[in-house]
Amino acid sequence: MDPPAPPPELPEPPAPQPPEPLGPVEAVCRLQRWYRAQARRRRFLVIVNRARRRRKYLEERRRVAQRVYATEAVIDEMKARLAMPFGHRLVGRYAEAREAEAATRVQSLWRAVRAKKKLVKLVGEQKLQQAAKKLQAFARRRWQRQRQSPLVRSAVENPFWRPIQEERVKLHENEVLKKRKEWSSLTGRGLTEAQLKIQAEGKYHEFLEGAGRWRYDVWRTLLERDQTRQMMEALTRAEGKGFDHPVTGLCSAFLLSEASEKHQQRVAPAAGPGGPGSAAQLSSATESANEEREADLLLQGLESQLGYDFSMPEL
């Protein structure tokens with residue numbers, strides 16, 4: 001049989017033809033459509049801007065009318081009060097009440113602004129503290145990662161974890177053989193060779209049973225010795241340093257500085273005129289700087305809600 005004929009080759013796709021140039025009529029139509037769209041857009045924007053200006057004008061006129069009406073009402077009320085007996089006193093009290101109300105409003109606004117500024121500042125300080133703690137934690141983790149662990153150091157120093165040396169094994173073998181040659185009935189405390197063998201096997205089994213515990217105790221002793229040495233080195237490095245230079249890896253520098261500030265506040269009033277039992281000493285001993293800021297913000301919030309200044313002396 002003859003092999004099948006190959007499939008016929010597919011014709012190549014025709015090349016894309018460039019678009020035909022636009023005629024003058026179609027170009028004019030496109031220009032007209034674009035111009036009409038732009039004109040409609042301009043007319044729409046003109047209408048919207050006109051409506052906005054009209055609304056603004058009406059709102060201004062309305063505010064002016066309300067202000068004029070309120071002023072006229074106040075004038076009529078003052079005239080009516082002046083017509084009453086002792087009217088000048090009533091007018092004076094009314095003016096004082098209005099001034100007090102205006103002062104209270106201004107004071108409340110000022111307190112709100114001041115409290116907001118303090119809150120923003122406090123939030124910024126808290127974010128700064130958080131960033132500092134994160135950086136300190138990152139530095140500690142990196143330092144601890146680069147530093148060799150006490151477990152590893154104690155394991156390296158542990159003699160039971162070291163590989164067995166051939167010289168030590170041979171030396172131990174020679175000592176055992178030497179003692180075996182020196183053995184006699186006199187040195188065996190009256191025991192026969194069989195009894196001595198049984199006693200040696202018993203002691204060897206006891207040694208094997210307690211070998212694991214003994215090795216663990218040795219490792220733990222080495223670990224505690226290394227930890228004690230680290231503490232002694234840390235305390236030695238800390239001598240001569242204040243709260244501004246804490247020992248690395250033991251605490252946060254920010255918390256230590258705050259503790260130092262609180263300690264200074266506790267100690268300072270003892271030498272002052274207030275004495276050891278004064279109220280200033282108690283307040284400084286029980287509150288830190290952050291707690292005082294939070295208490296001030298809480299008090300200012302209550303003042304803004306109640307409209308009363310707790311810092312003003314009572315008459």
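Visitor: What does aspartate 226 touch, not counting residues up to four places away in sequence?
Guide: In this predicted model, aspartate 226 touches Pro150 and Arg153. Contact here means heavy atoms within 4.5 Å.

Visitor: Where is aspartate 226 found?
Guide: Aspartate 226 sits in helix α5, which covers residues 193–238.

Visitor: Why is aspartate 226 called buried?
Guide: The cut-off for buried is under 20% relative accessible area. Aspartate 226 has 3%, so the residue counts as buried.

Visitor: And why is phenylalanine 160 called partly exposed?
Guide: Its relative accessible area is 31%. Buried would need under 20% and exposed over 50%, so phenylalanine 160, at 31%, is partly exposed. Phenylalanine 160 lies in the loop between α3 (150–157) and α4 (166–182).

Visitor: Why is α4 said to lie largely in the open?
Guide: Of the 17 residues of α4, the number buried is 0, so the helix lies largely in the open.

Visitor: What span is expected for α4 at 1.5 Å a residue, and what does the model give?
Guide: The expected value is 24 Å, and α4 reaches 24 Å from its first C-alpha to its last. The expected span uses 1.5 Å times one less than the number of residues, and α4 has 17 residues.

Visitor: How many helices and strands does the chain have?
Guide: There are 8 helices and 0 strands. Along the sequence, the pattern reads α-α-α-α-α-α-α-α.

Visitor: What share of the chain counts as buried?
Guide: Of the 315 residues, 11% count as buried. The chain exposes about 27600 Å², with carbon and sulfur atoms supplying 61% of that area.

Visitor: What share of the contacts with a separation of 6 or more joins residues 24 or more positions apart?
Guide: That share is 56% in this chain.

Visitor: Which elements have the lowest and highest mean pLDDT?
Guide: Helix α7 (residues 279–286) has the lowest, 44, while helix α1 (residues 24–83) has the highest, 90. Over residues 274–286 the pLDDT is below 50, and this stretch has 11 contacts in the model beyond near neighbours in sequence. Where pLDDT is low, the predicted coordinates should not be read in detail. For the chain, the mean pLDDT is 76, and 75% of its residues reach 70 or more.

How values were computed:
Residues numbered from 1 in each chain as written. Predicted model: local features only at pLDDT ≥ 70, side-chain atom pairs only at ≥ 80, totals over all residues. Heavy atoms only, no water. Helix = DSSP H or I, 4+ residues; strand = E, 2+ residues; numbered from the N terminus. Buried < 20%, exposed > 50% of the residue type's maximum accessible area, 1.4 Å probe, protein only. Areas by Shrake-Rupley, 256 points an atom, 1.4 Å probe, with all protein chains shown as cover. pLDDT = per-residue confidence, 0-100.
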